[in-house]
Structure formats: structure tokens, C-alpha cells
Amino acid sequence: MPYYTNIKAKNALDNESVNVTTLNSKFKDHYYSELAKLKTNRTFLEDLGSGLLISSVILLLTFLIFKIRTFTDLPRIKSLSKTAIWIITLIMWLALFPATLWYYGFRDDRGDYPWFADTIGIPIFTTGLTIIIGFIPLIIFLFISTTSYRQPVNLFIKYQLYTLKQIVAEVFLALLLLLNVAIFIALVMDGDHATIPINLYFTYLILVLRAGNIYDFNSDTDYSSNLVHN
């Protein structure tokens, strides 16, 4: 499948942009409008296909590592230790820098941006600044989430007793998980090759933090009930 239905019309449109005297917003709107008519689905299918391939391979490797064969095996997935959580999470967050460079560099090399578009340095700088600023709330979130975190446990466990605090924690983590899943879908559709593995790790991280804190709470609940009983 070609990128454009009519490559001659595409070249003529590019030549028009080169010869035009003033690249004002009106002409740019005209350019992008005409370009949209000439585009095929190749770029979308490439991005979606690569996104599905990358995420599928990562999930397959994860299931092989944890020896997951069926849905009934999922409860056997273990959470991480506190030290591993901190080390891997910080590495993954820093990996967003090269992932951003790859994303814009790949699309620039593929010709997704016309010659008169703003430099890719602008979105790279903006995203990089966001990553740096987001480093602070990430540290705070990890510190709060791992304060009562004790040891690796099975990933999918439930509270033995729900209090208001536990309900709030469950709702907060559920919203965080839904947001991360929504970002995952967008990344897959966009074929964001390097960011997909990072996103999948953060999905796992949210489940890990939930499991570790639930285990800690359940252990305290059991201990308290035994004290009362005795």
C-alpha cells in the first residue's frame, strides 16, 4: 500500500508550499486539508500493527517468565520487592527521555511532518520538561505508596475488610489504572514503540503497589482480630 493515493498530486502540493510567498495559517490549513485527502491508511496501519506487535511480545514474554498458561494461573504472579520497585520505576521514568527522542525522530524520518513544520526540538523539549517536572510527584507517590509496603506477595488479592481508607485507596488506584490503560490504547494506536513497554510496566506497578499494601493491611487485620480473640 502506498502512503498517498496520488504521488504526483502530493509532489505538486509540496512544490506549491515551496513556491508560495507567505506560509500563513490559511495556506497551512489548505495544505493539511489537501494532504488528508491524498493519504491512505498505510501510516495508521503501520502504527497500529507495530503497537499491537510490541505490546503482544511484551505480554507473551511476561507470561513465559511467570509461567502463565491460562487465566487461572494469573493469581500466581508475584509483586516486586520495595527495592526493586524503586530501582525499576526510576529507570523506566528516565527511559521516557530516549523514548521521546525515538518517537519524534522516527516520524520525522518517515516524512510525517512537512518541511515548513516547526522543529521536532520543540515537542521534545516540552515533553522532556514534563518528564522532569513529573519526577517530583512520582517520588512522592512512590514514597507514600511504599511506606507500609512490606514484601512481595501474589498480585491479585483482596481486602479482608473494607474501611473508608481502603475504599478511597481502591478507587484512587482504579482511576489511575484506567488512565494508564487509556494511555496504553493511545500508544498502541499511535505505534509509540519505546513508550509502550514503559506504560505496561506502570500498569504492573499500580497492581504491585495495590497488592503490597493490601497484604500489609490484611496482616494487621488478622493480628488485631487474634489479639481481641485472645
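Which side chain does the side chain of Ser50 meet in a polar contact of 3.2 Å? The partner is the side chain of His193, where a polar contact is a pair of N or O atoms within 3.5 Å, one of which, within protein, must be able to donate a hydrogen and the other to accept it, with residues adjacent in sequence counted only if both atoms are side-chain atoms.

## Basis of the description

The structure is a predicted model, in which local features need pLDDT of at least 70 and side-chain atom pairs count only at pLDDT 80 or more, while totals for chains, interfaces and linings use all residues. Residues are numbered from 1 along each chain as its sequence is written, and side-chain values use heavy atoms, with hydrogens and water left out.

## Overall architecture

The chain holds 8 helices and 0 strands, helices (H or I, at least four residues) and strands (E, at least two) being DSSP runs numbered from the N terminus. In sequence order this gives the pattern α-α-α-α-α-α-α-α. The radius of gyration of the chain is 24 Å, well over the 17 Å that the globule rule gives for 230 residues, so the chain is more spread out than a compact globule; the radius is taken over C-alpha atoms, and the rule is 2.2 Å times the number of residues to the power 0.38.

Along its principal axes, the C-alpha trace spans about 90 × 40 × 30 Å. Of the 230 residues, 33% count as buried, a term that means under 20% relative accessible area, with exposed meaning over 50% and partly exposed lying in between (1.4 Å probe, protein chains only). Among contacts (heavy atoms within 4.5 Å) between residues at least 6 apart in sequence, 80% join residues that are at least 24 apart.

## Helix α1

Helix α1 comprises the 13 residues 7–19 and reaches 18 Å from its first C-alpha to its last, close to the 18 Å expected at 1.5 Å a residue, where the expected span is 1.5 Å times one less than the number of residues. At the start of α1, a side-chain oxygen of Asn6 comes to within 3.1 Å of the backbone nitrogen of Lys8.

Within α1, the buried residues are Lys10, Leu13, Asp14 and Ser17. These residues cover an arc of only 95° around the axis, which puts them on the same side of α1; the arc is that of the directions from the helix axis to the C-beta atoms. As background, an α-helix has 3.6 residues a turn, so residues three or four places apart point the same way. What covers the buried residues of α1 includes α2 (25–38), whereas Lys8, Val18 and Asn19 are exposed on the other side of α1.

## Salt bridges between helices

The count of salt bridges comes to 8, each being a side-chain nitrogen of Lys or Arg within 4 Å of a carboxyl oxygen of Asp or Glu. One of them joins Arg110 to Glu46, with the closest N and O atoms 3.2 Å apart. Arg110 lies in helix α5 (residues 96–110) and Glu46 in helix α3 (residues 42–65), so this pair ties together parts that are 64 residues apart in sequence. Arg110 counts as buried at 17% relative accessibility, while Glu46 is partly exposed, with a relative accessible area of 28%.

Asp47 and Arg107 also meet in a salt bridge, at 3.4 Å from N to O, and this pair links helix α3, which holds Asp47, with helix α5, which holds Arg107, across 60 residues. Asp47 is buried at 7% relative accessibility, and Arg107 is buried at 3%. Arg42, Glu46, Asp47, Arg107, Arg110 and Asp112 are linked in a network of salt bridges. Elsewhere, Glu170 in helix α7 (residues 164–190) and Arg210 in helix α8 (residues 195–229), 40 residues apart, meet in a salt bridge of 2.8 Å, N to O, and both Glu170 and Arg210 are buried.

Ser50 lies in helix α3 and is buried, with a relative accessible area of 15%. Leaving aside residues up to four places away in sequence, Ser50 touches Gly191 and His193.

Lys67 is found in the loop between α3 and α4 (82–94). Its phi is near 55°, a positive value in a residue other than glycine, and Lys67 is exposed, with a relative accessible area of 56%.
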